[in-house]
Structure formats: structure tokens, C-alpha cells
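Work through each task before reading its solution.

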Amino acid sequence: MVPFILFLRVQYYVESGLLIMSSKVQQLYYAELRQKVLLSKSRHQEAVFFQLAASALQAEVGDLEEREEEEDEEENKKYRLYFLPEDYFPSWLIKRCGRDFLLQHCPGLHAELRGVTRGQAILQFIKEAGNLQDGAVTFYRMRQEKKELRSVILLGVASKGVHIYQEVEGKLCLLYDLIWTHVDRLTFQGSRFEISAVGSLCLPQLVFYTASACHSKHILTHLRDSHRLHINTRAAVCCIQQLEDMQASHLYKEAYICDTTRLAQRLQTNSLSSSMSDCSVAIQTTTAWSKEEECEEEQVREFELCVDKPEEIFVDEVLWTAELSVDEPLIFPSSYWTAVAMEMKQVLRRRTDEGVSVD
């Protein structure tokens, strides 16, 4: 009954944390990514580390309490010291930016995530960690030549494919970035490991050397199983991406509707309400005038599809709809815009005569 310590490592990285159904497994997955972030050498991705630190703080600390500005500098300093930079940033970034800089600016990013639940923050961290060069990747050291003593080639197995780096003075230099559809064949013979890309890429056959034939077999098995997992989860990842896009679009529309409601409340309290009705009259008049142009019936009909019920649509919403219709842009003749200008001039002239502001 000798006690022992069991170390767990992630074998297959996924493109979305939602693919992990078990909450305990998701916690372990998140914990390993946290450690990989602290050991990351992606020195050209500083912004990602700040986003990751904010998500990790939201998941582990929760909402940052709102606090008014204090005149006492000591109070502000104590307020910022609720985390240690060493627990959320790699050592090289702390040396580059300084602990005081991180303690001063990281709480602001953390405060922006107020209201995000712990589970959502973990999922956000998992997603952002995938953007790191050496985040959700399993690395295997290889040699360029069989007799080399030091392994400078790093073969990374990711969810979407294979990344091959060369380590130069402690930095990772990307040599090849091959998604699964770019890989034609993977073979090994003893310690010799070969990667063949598809012919359309015009890449030479990549030959590297592992520590042993057993090591080569293990790497090949890992690559095969990772590709199989990618194929099996491809439909689920596509569905998750569509749901995230719909949610992002829904949030955008809510913000837009909220702004429109506030604008409508302002219109009810000042004289700008007449401006909205005048704009609606201008649209109706312009549409009626356009119907008389026989040579431009097709263009007018396209415009009528958007404004056939102008009394139920705000002018901003008409413009917003036009911006979204990128596949079929609205094209109007120059005579149409001349008529619009004339109608608007009449509206402005009438309002000026009535003594109403035109701002």
C-alpha cells in the first residue's frame, strides 16, 4: 500500500468547452489550460493573456465589487491586491510589464465581465486559450537530423491539425501549419517520422526523427485518434458555432432595440417627434413619386419591399436592414436621390417657417 500521486494530462483538445459534458472533466480541462497559460511562450500575443486573466478571475473570484474612486492611495492599492500576477500571467510577461502595471489594469478587464457566471467564464477561458500559439496543443520533441543531440523541432497536435515549430533561443518559430485536410499521409519507420502534405500545397516531404520506434508509434496513434475525434465532433462544433453566432446577433439586436426605445422616449418629450413623422412622410412621398417612373420600375419595387409599411418601422431600422442585405444591395438611379433631396429640402423649409429647430 505505497502512496502515490497520479498526474492527469489532457490527451485530446477540443474546439469548444461545450463538447465536454461532464462538469468534473471540464474542471480538469480548465485546470490544465490554466497551467499551460502560465508556461506559455507566446510572446507576441500579450493581449490574449490579459483576456485569459480576466476570465480566470471571473471564474475563481466572481464579480468584482463596484467601488468609487478613493482619494487615499493606500486604499486603492489594497483594493487592487486581491490577486497575485504570478497566478494568472507567465513570468516573462510580468517582467516585461511589471507587477504594478498588471495590478493596476487587470481589475478593469475583470470588472467588464461582471454578471458572467462561473461556468460561462470557464467556457470563455477555454475558448480564448485555443487562440494561444501553444495553448490547446500537445507537443512532441523531434530532431531534424538523426545524429543531432538536441531536439529543436516541436510537433504540435491540435484539434484542427498539426503545427510544426522550431525552437530558437527559447522562442517558437512556426514552420508549417497543416490542418487535417492538408495532410496526405503520416508514416514512420523506426525513429524516422514522415509527414506528406497534399500535392496542391507543393510542400516537400517532411522528415523528422523521434527518440525511438515506440515513440513514433505513440505519436502516430495520437495523430490518428485526434483526427478521428475531429471528424466525429465536426457536426457538433458547427452547431455550437451557429448557436454562438445567433446569441451574439441576439445580444446586438437587444442593444439596438434598447437604444431605439430610449430614442423614442426622447422623441416624446421634445419637438423631434415631428421630425420622425416628417421623415416618414418623405419616404411615403418619395415612394409614390418613384412609382411614376416607368423606366425604373424594378429598382422602385426593390425599395418598396423594405418600406411598404413605413408607419411601423423606424427610419434607423430601414437603414439597418439595408446594411444587412449585403448580397442584394439597394441600387437607385440618380433621379431618385434628386427627388429625395428635394423632399427633404421642403420638409426643412416648412419646419424653419414654423420656427422648429432643424438640428
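**Exercise 1.** Is Phe-101 buried, partly exposed or exposed?

Solution. The model is a predicted one. The relative accessibility of Phe-101 is 35%. Buried requires under 20% and exposed requires over 50%, so Phe-101 counts as partly exposed.

**Exercise 2.** How many aromatic pairs does a search of the whole structure find, and how is the pair of Phe-49 and Trp-92 classed?

Solution. The search finds eight aromatic pairs. For Phe-49 and Trp-92, the ring centres are 5.5 Å apart, and the cut-off for a pair is within 6.5 Å. The planes stand at 85°, and over 60 degrees counts as edge-to-face. The pair is therefore edge-to-face.

**Exercise 3.** Which parts does the pair of Phe-49 and Trp-92 tie together, and are its residues buried or exposed?

Solution. Phe-49 is in helix H2, residues 46-60. Trp-92 is in helix H4, residues 91-97. The pair therefore ties together parts that are 43 residues apart in sequence. Phe-49 has 0% relative accessibility and counts as buried. Trp-92, with a relative accessible area of 10%, is buried too.

**Exercise 4.** Describe the pair of Phe-50 and Phe-101, and place it in its cluster.

Solution. The centre-to-centre distance is 6.4 Å and the angle between the planes is 85°, an edge-to-face pair. Phe-50 lies in helix H2 and Phe-101 in helix H5 (residues 99-111), so this pair ties together parts 51 residues apart in sequence. Phe-50 is buried at 13% relative accessibility, whereas Phe-101 is partly exposed. Together with Phe-89, Phe-50 and Phe-101 form one aromatic cluster.

Conventions. Residues are numbered from 1 along each chain as its sequence is written. This is a predicted model: local features need pLDDT of at least 70, side-chain atom pairs count only at pLDDT 80 or more; totals for chains, interfaces and linings use all residues. Side-chain values use heavy atoms; hydrogens and water are left out. Rings of Phe, Tyr and Trp (its six-membered ring) pair if their centres lie within 6.5 Å; planes under 30 degrees apart count as stacked, over 60 as edge-to-face and the rest as tilted. Helices (H or I, at least four residues) and strands (E, at least two) are DSSP runs, numbered from the N terminus. Buried means under 20% relative accessible area, exposed over 50%, partly exposed in between (1.4 Å probe, protein chains only).
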